[in-house]
Amino acid sequence: MNITDEEVKEITARVIAALKDREDGSEKQSDKNELDATDYPLYKKHPEKVVTPTGKTLEDINLENVLKQKVQPQDFRITPQTLKMQGEIAKNAGRPAIQNNLQRASELTNVPDARLLEMYNALRPYRSSKQELLDIAAELNDKYQAPICSNWFKEAAENYEHAHKLKGDN
């Protein structure tokens, strides 16, 4: 049996394509532990993964339970875990900036609302001294385990110093 060069090329191309398909499939299978764009929106694709801070499921959040006062305002808050899952979806969809924002937001869920507003107001130009911003950075890191946000305040302290935007600079 004589095989032509064209037949060898065709067979080689098929074998390579089959091997590549098998590799791609096994990689996708092993990586499927991570969420990706096909898992968006999370609440529709994986409602079992979305829970409230008190452990209620999405099914528990309904008008009947609200009227029976089985659902509290805290049940309408997002959890750090849900934000991190949304960030994972964003990262695997090629949107790392969105993942970073969601990661930072997940850290801030531990900060009480009133304190969070105070912190953001402290970031306004001419509102805080460098030390006040560094103290907030330490608080975020030590009290709320929010290292990303802590670093953000440290950067703000340095940048405001260079730009003359600290309290007393105006």
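**Pocket and cavity**

A: Happy to! The largest pocket has a volume of about 210 Å³. A pocket is an open set of points on a 1 Å grid over the protein atoms alone, with protein on both sides within 12 Å along at least five of seven lines. A volume is the space filled by probe spheres set on the points, which are joined across faces, edges and corners. This is a predicted model: local features need pLDDT of at least 70, side-chain atom pairs count only at pLDDT 80 or more, and totals for chains, interfaces and linings use all residues. Residues are numbered from 1 along each chain as its sequence is written, and side-chain values use heavy atoms, leaving out hydrogens and water.

Q: Which residues are closest to the centre of that pocket?

A: Of the 15 lining residues, those are Arg77, Ile78, Ala105, Leu108 and Thr109. Lining residues have an atom within 4 Å of a point.

Q: And which helix gives the most to its lining?

A: Helix 5, with 4 residues. Helices are DSSP runs (H or I, at least four residues) numbered from the N terminus.

Q: New topic: how many cavities of 30 Å³ or more are there?

A: The structure holds 1. A cavity is a set of points where a 1.4 Å probe fits but cannot get out. The largest cavity has about 40 Å³ of space.

Q: What lines it?

A: Leu108, Leu116, Met119, Tyr120, Leu140, Cys149, Trp152 and Phe153 line the largest cavity. Helix 6 and helix 8 (147–163) each give two or more residues to that lining.
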